[in-house]
Each structure stands twice: as C-alpha cells, then as structure tokens.
Amino acid sequence: MRQHWRPVASIFGATVALSCLSALFVQPSYIAEGKLRFQVNPLPLSTESDEKSVELRPLVSTQNPLSTEIEVIYAKPLLQNMIDVLGLEDAQGNTLRPKAVLQKLSVDIIAGTDVLKLSYESDQPQESARVVNTLMRLYIHSNIQNQRSRALSARKFIAAQLPQRESVVREAEEALSRFKEKHKIVDLEEEEDATVTAISKLDSEITLVQSEFDAAVARSSTLRNQVGLSPQNAIAVSKLSQSSEIKEILRELQSVERQLVIARKDFQEGFPIVVNLKERRSALQKLFSQKSQKTVQGNSLSAVVRAELDDPEQSMIQDFLSAEVQRQAVSKRLASLKQGRSAYNQRTQTLPKLRRMLRELERKSEAAQSTYETLLQNLQELQVAENTNSSSAQIIEQALTPTEGTTFKKKASVIAFGILLGAFLATAAVPVLGMRQEYLSTSHMTAYEDSINALQGLLDYPIWSVVPHTELKHQTCDRIPGSLISILGEMHRMIRANPQLLSDEHALKSLVVTSLEVQEGKSTVAANLAIAMAQLEQRVLLVDANLQSSKLHHLFDLPNELGLSTAIQDTSIRPAEVKMIIHRVRGNLDILTAGSKPSSPMSFLSSERMNVLLQYFAWDYDFVIFDTSPLLDVDGTSALANMADGVLFVTNPTVTQSKELEMAQEIISQFEHNIIGTVVNNGTTQDYSKVYLPSFKIDLARHKI
C-alpha cells in the first residue's frame, strides 16, 4: 500500500465521498418512547409494613432484577404477539419477524431508578408509538397472567400440605402435654424458684429441729439415768401407777413379803404361817401379773418396777416419759424434714434435663404451629392473589406520536458502510497495481542485464554474485521479513561457488569489501557475507573501517564510543587487549565498530598500527572482513586494500555508470592484484535502510548466529 498509496487513497476517498453524498438523501426515522415502573406488590392480607417488600429483589445478589425484565420484553413470543395484534408488515407487505423488531427496539434502565424506558424506531411516527404502547400493555397482561398462574400452583400445593402440617401440630402438642403430665410440670421456671426457696427454708428448719433433737436427747438421757428405767419400763410404771387396783395389790404384796421375811426369821419354811404367807404371795403375784399384763399389754413387771410403783418420785418418771415423747416427736420431725430435703434435691437434679426436654418439645410444637399458621396465611393470600389484576409493572408514561424525526443513525450507518467498502476496494486494488508493477519490473530487468554485460566488459575480474533486482522502494521491514534471507542465500551460493574463501591453500584470511561510490550497498554485502560465513562454523570478525561514515553499529544496534579508531590511535592498547572493545553478536560472529570519527581517516588506515592490528586479527580469527569507505571518498581505502589478502568490489549499475568506472581505473590499479571478484548489487542505500537493516536483526534471532 505504501508503494501504491496514491491510487489506493484515491479509490478510498472517492468511495467515502459517494457514501457521504448518499447520506444526504436518507429519510428521517421517528423514535417513540414509553416508561414502565417496577415494584413488588405487597401481599393482599399482609398487615406489616415492610419497606423492602416494595423493592425488586434479584435471585443473584450481583444481578440487577430489571435486566431479567428486559430479557422478558425481548422474548420472541411476546414480540410475535405484538406483531400479530398490530399486523406489522415490511415494505414488501410480508409480516415482520421478531428479529426485525429487535433491531429497532431498545429497552434501557434509567440509572438510579426502577424504571425501564422502551424505544422503537420506525419510518412512520404512528407506528412507532403504537408498537411501544401495545408492547407495554401486552407485557403487563402477560405479567398478570403469570402471577395468577404462579398463585394457583402455589395455592394447590399449600392446600395439599395443610392436613399433613395440622397432624404434625397435633402430635407435637400431645407429646408436650403428655410430658408435662408425666413429670408434673406446670411452670419449670417458677418451680425452680420455688424449689430453691423451699430448700433454703428446709435447711433452716432442719437446723432448728436438729438443735431441738439434740436438746431432747440430752434431757431424756439425764432423766433416764436418774430414774434408772428403760423407756418401756417407765411407760409401764406410768400406766400401772395410774391404776388404783394394781397399786392396792402391789401394796398388799409388799406387805405379805415383809411379813414373810419376819416369819422366816421366827419360823422354819414348813411352818404353816410361812407356808400361808408364801401361798398368799404367790396368789398376789399371780393376780398382779394378770392385772399388769392386762393394763400394759405385756408380761409381768420386774421387781424394780414393782419397787418403783411405791417410789414417791413419780413426777420424775413422768418427766422422763415426757422427755422421751418429745425426743421421739422431734426425731420424726427431723426425719420428715430430711426426707423432704432429699426429695427436693432429686427434683433439682432432674430439672435441667426436664427443662431441655421441655424446650425441645416446645420448639417442635412452636415450629409446627408457625409452619401451619404461615401456610394457612399464605393460602388465604394466594386465594386473593388468584383474583387480583395487580402487576409488578406500571405504565407511568405512554408513548406519544413523535413529531420530529432524526437521520443521524442512518447517515452514520451509510458513511460507515462507505468507509468499509472503500477500505475493501482499496485493498483489492493493491494486487492489480502489483501485477502492473511486475510487468514494468520485467522491462526494467532487460535494461539491467544490458548494464551488467557492459560492466563485465570494463572490469576484468570475475563476477562472483549478482544480487537480483527487488522492488523495495515503498516497502517496510515488517512487511517483507524474508528479504534478508534471500540475500543470505545468495551469499551462501557465492561462497559455495568460490571455494577459495574457505580454502586453506589460498591463505585468504582478510577481505576488504569496497565500492566506487556511496549508495552501492557494500555495507549490506559485507554484513551478509559475515553472517553467512559465521553460519558455516567460521570464526568471523567484521570490522567497520569506514571511519568517515560508519554504518555497522546502526545495522547491529551497537555502541560506537570505542572502536577501530580507538585501537589505532591509542598505541598503549596491545593488540590482544583490543578484544575488550570487540562486540560478540552471537556464536561465531564478532564486530569491531568504527569508533569516534578521526580528523584524518587516511593516515589512520595507512598507518603501521593498522597493519599490526590486521595481522593480529587474521591470526586470531578464521576470517576478517573490512567494510571500508568508497574509493572516491578516502584514499586510505587503497592502503588497507593492499594490506589485506583480497578485495571484494561491490558495484551497483543503477548508481555507478560506465563512465565513472573508466575514470576510477587509476585508483583501482593501485591494488588491482588483490581484487578477487565483483558483486553486482542492484539496490540503493534508501532500499537497504528500510529493508536490510531491520530484516538483518530478524535474521539474527532466527539463525542464532
């Protein structure tokens, strides 16, 4: 395109101009707009005011719910319904397709609101308004039908679930009632508080009763020791002491026993008085036993009891019995209190478990009741929702028939189409123009061959290579990345055709590449020859000896502060130390740039120092290539040509004419014996600067030199 930019630009410009001219005759379009507001209707039987209930809530938190409604409006069934209602047709009288309506329909969200704006573009203003209004009405009708359908399905489902939920509620309540009845639970919290209070009160009473019991035990023990009777005997004595008959028998028995004692002192045992007293005593004892057994419900008392009956301290026995009764009463009371305290302890230990079980049953009952009430409430609400005509969308602005049309979009479309068409035609014209250029190049090659034949007659040296003519004048490096590869291929062919370049017999170690004038391509030939020989496993040093106008550091993108001029001028640098300023490109290829420009390039190149460096380079490398100045610019090139083992002469027939070669015969004769061949190049410096230099960098990366 750069080569043929003028005709390409003309084709593109003419196409765009025609499209702009066509845009002036487009018909205006009319856009009608309507607005829908969205909100969630509160439930018909809801009594709670919830601000969130009137907001649209998306299923996904990051999603705008209005985006879903936009897709519903864009749905083909809704659009087809609208087309059928209005009977929309295209220009040929065919029924419009939903796809054609979508191209003219636009639904957008008004930022910061729950409002959608519907826009429709048409050539007829009445049609655009009717489409928007009909589409909004059909959408609202479809929304209402969908809500009714969802309410009906939900109501049927809830109605089927209610009996089951009612049974669950009843079972939960019965389980809770049985639990309370089994464990005698009224209110666990109050019972727990009452239990704590009762235990505290019981502890206080137990302490007091324990004190009373200890006092009663002590008093009873003291009186028992004083009386000398067991509680049973003391009770018996108390009962017998209250019987006058027993007292009389006992006194008579005691009298008989005294008489018996006296009689035994005076009479023997068989004496009638003693025998009578014994018989009387036995009768009285038997009578006493019978009466006492009947009185105390037990055996006859011992002699001690009988003695106590006549004891004048009957009050002490009564006190003992009273103390014993009090001790037993306090003991029973204390045991009762401890038993109650133990019962409260057991209840206290079971209360946490009962509380947990009660809470679990209450939660189940409450959950079942809540679910049942919610289902019942939803059932009532859904029954109302089935018969309601409310919708989540509301028309807040009807579409009015537009009075003014616009042509901006149509004009922009026509112009954009013209730009695309112009780009296509301009691109398609490039191959046609290239074919024409190829035809012209064929004619040019005929003249080129004639120039080579004339040049071969003037120079009595073999022509090693002829770089073919390539039309590169208006081409860039990124368009033809293979141009350098073709030149490298030509260099490889030249090396194979001239084995003396690599043969040890001819001892060709250093080569000067020069030309007669500038712009003949010698620097490009030298660089490509160095690359080609490095690819053949030769250690190559490429030296920029063009001290007047150095180029190699530009070709290889290298620094040029230090170079050949530094090595020649600074004699303190030994030849072996020159390696420090030599740049290793890759692999087998090293480059020594020209360095700073000296005041007298001729004296530098013809100096003895230059001869020493050349010999060192030839010894250290397999091949040394010097890129020099043109012969007509610097005389020092002739001296360097005489030092080197050979000279490769580069000439360009399009730059150097036969008359100029005839004028330079005297200069060439100075080193004529070193010229080993000629390379005919048909390019210009402008061509190489645009093709060879960037392509050379690409080739380095590709061939890994």
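Which residue stands opposite Lys 35 in β4? Glu 397 in β4 takes that place.

The model is predicted: local features need pLDDT of at least 70, side-chain atom pairs count only at pLDDT 80 or more, and totals for chains, interfaces and linings use all residues. Residues are numbered from 1 along each chain as its sequence is written, and side-chain values use heavy atoms, with hydrogens and water left out.

The protein chain holds 23 helices and twelve strands. Helices (H or I, at least four residues) and strands (E, at least two) are DSSP runs, numbered from the N terminus. Of its 705 residues, 39% count as buried. Buried means under 20% relative accessible area, exposed over 50%, and partly exposed in between, with a 1.4 Å probe and protein chains only. Contact means heavy atoms within 4.5 Å. Among contacts between residues at least 6 apart in sequence, 83% join residues at least 24 apart.

Four strands make up an open antiparallel sheet, in the order β2-β3-β1-β4. Two strands pair if DSSP finds at least two bridges between them. The edges are β2 (105-109) and β4 (393-397). Each has a single partner strand, so one side of each lacks a neighbour in the sheet. From one strand to the next, the twist averages 30°. Four antiparallel bridges join β1 and β4. Helix α5 packs on this sheet and touches β1, β2, β3 (115-122) and β4. The direction of α5 makes about 20° with that of β1. Axes here are lines fitted to C-alpha atoms, for helices over the stretch in contact, and angles run from 0 to 180 degrees between N-to-C directions.

Aromatic contacts come next. A pair of aromatic rings is described by the distance of the centres and the angle of the planes. Rings of Phe, Tyr and Trp (its six-membered ring) pair if their centres lie within 6.5 Å; planes under 30 degrees apart count as stacked, over 60 as edge-to-face and the rest as tilted. By this rule there are three aromatic pairs. Phe 38 and Tyr 139 form an edge-to-face pair, at 5.9 Å centre to centre and 65° between the planes. Phe 38 lies in strand β1 (residues 30-38) and Tyr 139 in helix α5 (residues 125-182), so the pair ties together parts that are 101 residues apart in sequence. Phe 38 is buried, at 1% relative accessible area. Tyr 139 is also buried, at 3%.

The rings of Tyr 616 and Trp 619 have centres 5.9 Å apart and planes at 40°, so this pair is tilted. The two residues are three apart in helix α18 (residues 608-620), a separation of about one helical turn. Tyr 616 is buried at 15% relative accessibility, whereas Trp 619 is exposed at 66%. Ring pairs link Tyr 616, Phe 617 and Trp 619 into a cluster.

Helix α3 (residues 76-86) has buried residues Leu 78, Leu 79, Met 82, Ile 83 and Leu 86. They cover an arc of only 140° around the axis, which puts them on the same side of α3. The arc is that of the directions from the helix axis to the C-beta atoms. On the other side of α3, Lys 76, Pro 77, Asp 84 and Val 85 are exposed. The buried residues of α3 pack against α2 (65-73), α4 (98-104), β2 and α5. Just after α3, Gly 87 takes a positive phi of about 65°.
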